[in-house]
Amino acid sequence: MAVEPSVVAVHATDPVVAPVNSHNEWDPLEEVIVGCLDGATIPSGHPVVTCNLPTWAARLQGFASGLRYPRMLVEQAQQELDQFVELLEGAGVTVRRPDPVDHRRRFGTPDWSSRGFCNTCPRDSMLVVGDEIIETPMAWPCRYFETHSYRSLLKDYFRRGARWTAAPKPQLTDELFTEDFRVPAPGEPMRYILTEFEPVFDAADFVRAGRDLFVTRSNVTNRMGIEWLRRHLGPGYRIHEVESRCRAPMHIDTTLIPLAPGKVLVNPEYVDVDRLPDVLRSWDVLVAPPPDPLDETLLKVTSMCGKWLSMNVLMLDEKRVIAERHHTGMLRALEKWGFEPVPCDLLHYAPFGGSFHCATLDVRRRGTLESYVD
């Protein structure tokens, strides 16, 4: 007797869940990619990597590049990362992870070779705009193939209907980098290590507020990269550049980050609130409190992210916000501004590139494309 295959009835009125759908930083979070520490390798001593470091730290970086991160650092960060994943899953968020990679393996192009880095920060190498995931053309040679660890996920999203784009792979030859670059001192004209030889950008230099995106030009994002994204997204989106007073800028999510419709968090050290893009003039500008000091010398030495990781928060929705437990000043400020802070530990993730916002890529948020500015 033949057995009829089972059939699931699909009605025209049944909602279709898009595998990728994220338009801003605050709609209810449903699915997220979280980075991992497997195989984490100290990044190369290339000038674009070391240009933001003090001289002594740059020398140490060059000496240790290509080695595994010390086990003590990895184990502390892993414990906190596991708790963060549990928190997300407990909040009903689907968590996806990259494939493990041996980042010590050497790779190259006809012009250069390098070892890898790690997959701790999916926010850097991929940008989600609506139903599209864009692989970014990063300026660090050691991150050239970083998205390969996410290819299983990208292919799955694509098969289920998402759009998948890769920006032009950069050459990363000497023409892209300013020779003998030196970070400008306070009062000197701003300058960047990147030339305009070709488009490069990290996704973490952009934040989204519906049809409006905000970006900082930095030592990993040049004007050509910003223009590439502007043309790619087309007239349905607007990209606004935020002036940063940071002397060694890299990634906007410790400078400016929208938290909810009409509310934007800014770093008072890096941002002049009187010079914000005009489209934010009707928004409530929330000035971040000073970060709580770090007591651990090891963290001060190994963190490449600076003290303002207190701003690197992740919105679960318009009210609930995951923030670092150590930074009590930020937790109190968030509560005062009407949010519901969810304290969590991720302090020891800093040596690997960031905190909650950096460590995640929100793939699906429950919401639609809207305009939130005048």
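Me: Which residues does P258 touch, not counting residues up to four places away in sequence?
Reply: This is a predicted model. P258 lies in strand β11, residues 256-260. Leaving out residues up to four places away in sequence, P258 touches E25, W26, V207, R208, K263, V264 and W283.

Me: Is P258 buried or exposed?
Reply: Buried means under 20% relative accessible area. The relative accessible area of P258 is 1%, so P258 counts as buried.

Me: How many Å apart in space are P258 and E318, C-alpha to C-alpha?
Reply: In sequence, P258 and E318 are 60 residues apart. In space, C-alpha to C-alpha, the distance between P258 and E318 is 10 Å.

Me: Why is strand β17 largely enclosed by the rest of the structure?
Reply: Strand β17 covers residues 360-365. It is largely enclosed because, of its 6 residues, the number buried is 6.

Me: What is the bridge partner of L29 in β17?
Reply: Strand β1, residues 29-34, is joined to β17 by 5 bridges. The two strands run antiparallel. For L29, the bridge partner in β17 is R365.

Me: What is the relative accessible area of V287?
Reply: V287 is placed in strand β13, residues 284-287. V287 is partly exposed, with a relative accessible area of 41%.

Me: Which residues make the nonpolar surface patch of about 190 Å²?
Reply: A residue in a patch needs over 30% relative accessible area. V287 has 41%, so V287 passes that cut-off. The patch of about 190 Å² is made by V287 together with V273 and V285.

Conventions. Residues numbered from 1 in each chain as written. Predicted model: local features only at pLDDT ≥ 70, side-chain atom pairs only at ≥ 80, totals over all residues. Heavy atoms only, no water. Patch = residues over 30% accessible without salt bridge, like charges linked within 9 Å, V, L, I, M, F, W, Y side chains within 5 Å. Areas by Shrake-Rupley, 256 points an atom, 1.4 Å probe, with all protein chains shown as cover. Salt bridge = Lys/Arg side-chain N within 4 Å of Asp/Glu carboxyl O. Helix = DSSP H or I, 4+ residues; strand = E, 2+ residues; numbered from the N terminus. Buried < 20%, exposed > 50% of the residue type's maximum accessible area, 1.4 Å probe, protein only. Contact = heavy atoms within 4.5 Å. Pairing = 2+ DSSP bridges.
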